[in-house]
Amino acid sequence: ICNTGIRQFPDLTQIFSLEAHFILELCDNLRMTIIPQNAFQGMNNESLTLKLYKNGFEDIHSHAFNGTKLNQLILKDNKNLRRIHNDALRGATGPDVLDISSTALESLPSYGLEAIQVLNAMSSYSLKRLPPLDKFSSLLEAVLTYPSHCCAFRNLRTEKRNLLLSIFDNFSKECESTMRKPTNEMLDDSNNTSLWSAEKNAYPFATDEESSPYSYSTIFDDSEMDSFDFEYDFCQPKVLTCTPEPDAFNPCEDILGYSFLRVLIWFINILAIAGNFTVLLVLLTSHYKLTVPRFLMCNLSFADFCMGLYLLLIASVDAQTSGQYYNHAIDWQTGSGCSTAGFFTVFASELSVYTLTVITVERWHTITYAMQLDRKLRLRHAVPIMLGGWLFSIGIAVLPLFGVSSYMKVSICLPMDIETGLSQAYILLILVLNVVAFIVICTCYIKIYIAVQNPELVAANKDTKVAKRMAILIFTDFTCMAPISFFAISAAFKVPLITVTNSKILLVLFYPVNSCANPFLYAIFTKAFRRDFFLLMSKLGCCKSQAELYRMNYFSAYNSNCKNGGAATAPSKASQTFLLLSALEK
């Protein structure tokens with residue numbers, strides 16, 4: 001019944017055929033929207049094939065296939081089919097083959113999947129979650145839409161085969177121990193009962209289950225036992241095949257892959273969020289004037305705070321989907337969650353690198369031109385510089401949302417798609433800019449170190465202290481940028497030197513190093529921050545003595561500098577030293 005204008009499902013209950021293998025083809029009926037209850041109840045053939053393709057079906061009701069013995073159920077190319085009732089297959093036997101390819105189904109029925117041996121769900125993009133795996137107890141072949149779903153079936157058949165082999169080994173041992181009994185004991189007429197019992201134990205596949213200490217019925221239902229060929233399945237185990245196979249970008253594993261990363265990422269993201277939030281809170285509530293270093297530090301802390309949010313989002317989703325990521329992979333990677341996480345990490349990373357570069361250049365400029373106040377960097381200069389950094393970082397982070405690379409390629413939501421030339425150029429641009437920023441940072445710190453080596457300006461112990469601080473700053477930058485840049489550049493040229501699984505170690509251990517270290521190296525460990533922190537605490541009724549001590553030290557240093565600066569027309573050595581150390585401290 002094909003290519004008609006029928007609006008209601010035809011009455012098929014009066015079709016009686018003596019043909020054992022009956023085929024019903026119902027196709028290209030675009031006005032037919034439902035399959036009602038008991039639609040095929042009178043068709044009690046030994047084997048029934050239903051080819052119900054390219055119709056206008058939107059819904060299949062409960063017990064729709066009641067009373068049938070289904071061999072094949074073909075529902076492909078029903079573009080509007082969004083729902084199959086959970087009990088649609090109740091009352092039916094089978095099907096062995098189910099084809100729902102190119103439909104809009106969002107879920108499969110929870111009942112009636114046990115007999116399916118072949119499942120075809122190709123191009124079913126709305127089917128993002130599968131029923132519990134134990135529903136597919138007979139499945140041998142699956143053609144699906146998403147590679148992650150094949151991860152669900154990878155060990156399904158293997159586990160059941162291993163269980164059967166274990167039972168078979170136990171039977172073999174029982175048989176062997178029984179057959180080793182003395183022959184005269186076995187042949188003694190007085191032991192007929194023992195002999196009969198031994199024979200039953202020697203043949204473990206006897207119909208009387210009580211003859212064996214091992215009962216299949218406790219493990220498999222009757223339908224599975226009837227269809228199980230012991231001789232074939234033990235010697236030539238059936239292997240479940242599933243396509244498409246998971247690729248290198250989406251291996252069969254949870255988001256973080258390794259268990260130790262699942263613990264570390266919580267420690268790191270909490271450290272990054274808490275550290276940077278504290279810095280932002282102290283700097284923004286300080287009653288001191290907003291200087292250029294403070295302004296830049298606020299921008300850096302906000303960028304690193306966003307990186308902490310990215311890690312928190314990844315850690316939360318990993319915890320929620322642990323052990324069943326295959327059932328959440330599509331929703332996560334194609335949804336707004338992964339796009340948001342990807343935007344956060346690229347925006348935070350680029351803004352952080354940009355701000356670090358500006359901070360380093362500002363320090364070098366302040367020290368180099370410490371005595372030339374007319375060349376001092378003012379807040380009116382820093383604001384447009386950072387505005388440019390924000391626009392650049394937002395632009396770079398938005399591009400993957402518009403098709404230049406993609407955040408959907410991998411579970412950790414980084415832009416790893418390099419299929420097109422534009423995507424490849426995008427990745428290389430980011431990496432090259434990061435390398436250039438690192439070179440600029442290193443160059444500026446080397447020049448600063450050369451400047452402070454002047455023994456007339458800075459004492460030896462101060463020189464050593466400054467050198468150590470610079471070494472730590474450069475080391476943390478290098479630790480963060482070098483491994484990521486090296487492996488990413490090789491991957492951008494399509495010569496990957498590391499798998500996605502191993503790259504997750506870089507994501508957790510190296511990628512967020514700066515976000516955790518920056519608030520401590522650039523703020524918390526400085527005297528100016530500690531002063532602001534204790535002053536803030538004193539307002540809340542805590543640490544009043546420490547706050548008063550920092551307040552006294554600040555004013556005494558300020559008065560001393562004013563006196564030295566006013567004693568001569570040219571700045572004194574003491575004044576130069578104070579200005580230089582102040583710049584470094586900022």
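This is a predicted model: local features need pLDDT of at least 70, side-chain atom pairs count only at pLDDT 80 or more; totals for chains, interfaces and linings use all residues.
1. **Strand S3 and its two partners.** Strand S3 covers residues 47-51 and is mostly covered, with four of its five residues buried. S3 pairs with S1 in the parallel sense over five bridges, and in this pairing Leu 24 stands opposite Leu 50 of S3. S3 also pairs with strand S5, residues 70-74, again in the parallel sense, over four bridges. Here Thr 49 stands opposite Gln 72 of S5.

2. **Strands S8 and S9.** Another pairing in the sheet links strand S8, residues 118-120, to strand S9, residues 141-143. These strands run parallel and are joined by three bridges. Within this pairing, Leu 119 has Ala 142 in S9 as its bridge partner.

3. **Helix H8.** Helix H8 runs over residues 292-321. Is H8 largely enclosed or largely open? Of its 30 residues, 23 are buried, so the helix is largely enclosed by the rest of the structure. Just after H8 comes Gly 323, which takes a positive phi of about 85°.

4. **The packing of H7 against H14.** Helix H7, residues 259-285, packs with helix H14, residues 500-509, at an angle of about 20°. Their axes are 9 Å apart. Angles under 35 degrees count as roughly parallel, and H7 and H14 are therefore roughly parallel to each other. The crossing of the two helices is left-handed.

5. **The residues at this contact.** On the H7 side, Phe 260, Leu 261, Leu 264, Ile 265 and Ile 268 take part; they meet Lys 504, Ile 505, Val 508 and Leu 509 of H14. H14 itself is mostly covered, since seven of its 10 residues are buried. Among the buried residues of H14 are Lys 504 and Val 508, both of which also meet H7.

6. Ile 60 belongs to strand S4, residues 59-60. Buried means under 20% relative accessible area; Ile 60 has a value of 0% and therefore counts as buried. What does Ile 60 touch, leaving aside residues up to four places away in sequence? Its contacts are Ile 35, Phe 65, Leu 75, Leu 81, Arg 83, Ile 84, His 85 and Ala 88. One of these, Ile 84, is 24 residues from Ile 60 along the chain, and the C-alpha atoms of the two are separated by 4.8 Å.

7. **Cis peptide bonds.** Where are cis peptide bonds found? One joins Gly 94 and Pro 95, with omega about 5°. Pro 95 is placed in the loop between strand S6, residues 83-84, and strand S7, residues 97-99. Another leads from Thr 243 to Pro 244, with omega near 0°. Pro 244 lies in the loop between S10 and H7.

8. Asn 38 is a residue other than glycine, yet its phi is positive, near 50°. Asn 38 sits in the loop between strand S2, residues 34-35, and S3. Its relative accessibility is 26%, so Asn 38 counts as partly exposed. His 63, also a residue other than glycine, has a positive phi near 60°. The loop between S4 and S5 holds His 63, and this residue counts as partly exposed at 28% relative accessibility.

Notes
Residues are numbered from 1 along each chain as its sequence is written. Side-chain values use heavy atoms; hydrogens and water are left out. Two strands pair if DSSP finds at least two bridges between them. The expected span of a helix is 1.5 Å times one less than its number of residues. Buried means under 20% relative accessible area, exposed over 50%, partly exposed in between (1.4 Å probe, protein chains only). Axes are lines fitted to C-alpha atoms, for helices over the stretch in contact, and angles run from 0 to 180 degrees between N-to-C directions. Angles under 35 degrees count as roughly parallel, over 145 as roughly antiparallel, 65 to 115 as roughly perpendicular and the rest as oblique. A crossing is left-handed if the near helix is turned anticlockwise from the far one by less than a right angle, and right-handed if clockwise. Contact means heavy atoms within 4.5 Å.
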